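I opened this model to look up a few local features and to write down what I found. The entries follow the order in which I went through them.

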Amino acid sequence: MWLKQDTEWNGKRIYPLENGRAMFLGEEVQMVPPFMIDGKNSVEVFLSNMNYAQVSAAVVTQEFIDGIQNDYLMEVQTRYPDRFFVCGMADYFQPGFAKQAEELVNRGFRAIKIPAHRLILDDRRILMTTDEMMRMFHMMEQRGIIFSVDLADGDTHVGEMKEIIAECPRLKVAIGHFGMPTTPNWQEQIKLARNENVMIESGGITWLFNSEFYPFPSAIKAIREAIDIAGIEKLMWGSDYPRTITAITYRMSYDFVIKSKELSEQEKSLFLGENAQRFYGFNHLVELPYVKNMSE
């Protein structure tokens with residue numbers, strides 16, 4: 001979520017163009033839906049989508065390709081405390097990020113995000129097991145702060161994650177992108193959720209299976225396989241809004257699960273809400289009525 005996206009990663013810029021497009025690492029792409037003509041991914045537009053899709057609350061993570069958005073996200077959480085749980089993010093490319101993370105926690109952030117796949121650069125790789133990283137994780141563990149992380153393809157980061165989990169067993173961890181299920185050895189990421197305080201969320205799963213498109217039968221197969229590996233209680237739905245809704249609607253990012261015959265009603269309830277409600281501590285979910293479409 002952002003009001004302005006103007007940053008760089010790996011020496012290449014990301015900045016908005018017209019009609020929801022952006023210059024992304026040297027390539028023009030449809031970054032957000034075309035109705036976001038000003039390039040803003042605002043809380044007001046997201047709330048409109050959430051209300052329409054009857055989604056009570058959302059977890060907002062961060063990504064380096066959007067620029068660090070701590071100030072705006074804290075404003076969002078302050079304005080809508082029952083609708084949003086936001087993650088803070090430090091600049092892990094510069095020394096002193098552990099202090100930054102502690103300051104974010106002092107400001108009220110209850111989770112810290114690391115897009116770990118972005119820590120692999122052309123000329124270097126930043127490990128999540130350095131002394132400063134470990135100091136940050138110990139601080140988070142002691143203060144009950146959730147570690148939200150997106151890992152690189154397959155088992156690239158699994159060794160580092162095992163070390164972090166062993167060092168900080170009480171640290172609550174949410175692994176994004178459902179373990180990257182279109183890449184080899186993705187199951188190794190899911191196996192991390194066999195640890196007591198580790199969860200898997202499915203943000204971006206429709207993007208990963210975009211070539212197959214709705215109703216994403218292979219995504220359902222991946223969810224079924226993850227259940228067999230770690231149990232349904234360790235899995236949470238995610239949408240990866242707004243980039244995924246350049247191809248589908250926000251409602252479509254979850255109703256392919258609702259309509260599936262491969263999952264039980266109890267599994268759907270846990271996956272689509274109850275697990276996340278417990279893990280993130282959502283205590284005051286709003287009731288949102290269904291409003292009939294004009295096309296019905």
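**Entry 1: a buried arginine**

I began with R251 in this predicted model, and I noted that R251 is buried yet has no salt bridge, the nearest side chain of opposite charge being D255 at 5.7 Å. With the salt-bridge cut-off at 4 Å, that pair does not count because 5.7 Å lies beyond it. I then looked up where R251 sits, and found it in the loop between strand 11 (235-236) and helix 9 (252-258). Leaving aside residues up to four places away in sequence, I listed Y52, A53, Q54 and Y290 as what R251 touches.

Next I traced a sheet of 4 strands, which is open, runs in the order 1-2-3-4 and is paired antiparallel. Strand 1 (7-9) and strand 4 (27-30) each have a single partner strand and stand at the edges, so one side of each is left without a neighbour in the sheet. From one strand to the next I recorded an average twist of 25°. Looking at strand 1 and strand 2 (residues 12-16), I found 3 bridges joining the antiparallel pair, and E8 standing opposite R13 in strand 2.

**Entry 2: helix 5**

Which residues of helix 5 (residues 158-167) are buried? I noted V158, E160, M161, I164 and I165, and, seen down the helix axis, the buried residues fall within an arc of 155°, so they line one face of helix 5. The face turned away from that buried side carries the exposed residues K162 and A166. Among the elements covering the buried residues of helix 5 I listed helix 4 (131-143), strand 8 (146-150) and helix 6 (187-191).

Terms used. Residues are numbered from 1 along each chain as its sequence is written. This is a predicted model: local features need pLDDT of at least 70, side-chain atom pairs count only at pLDDT 80 or more; totals for chains, interfaces and linings use all residues. Side-chain values use heavy atoms; hydrogens and water are left out. Helices (H or I, at least four residues) and strands (E, at least two) are DSSP runs, numbered from the N terminus. Buried means under 20% relative accessible area, exposed over 50%, partly exposed in between (1.4 Å probe, protein chains only). Lys and Arg count as positive and Asp and Glu as negative; His and the chain ends are not counted. Contact means heavy atoms within 4.5 Å. Two strands pair if DSSP finds at least two bridges between them. Axes are lines fitted to C-alpha atoms, for helices over the stretch in contact, and angles run from 0 to 180 degrees between N-to-C directions. The arc is that of the directions from the helix axis to the C-beta atoms.
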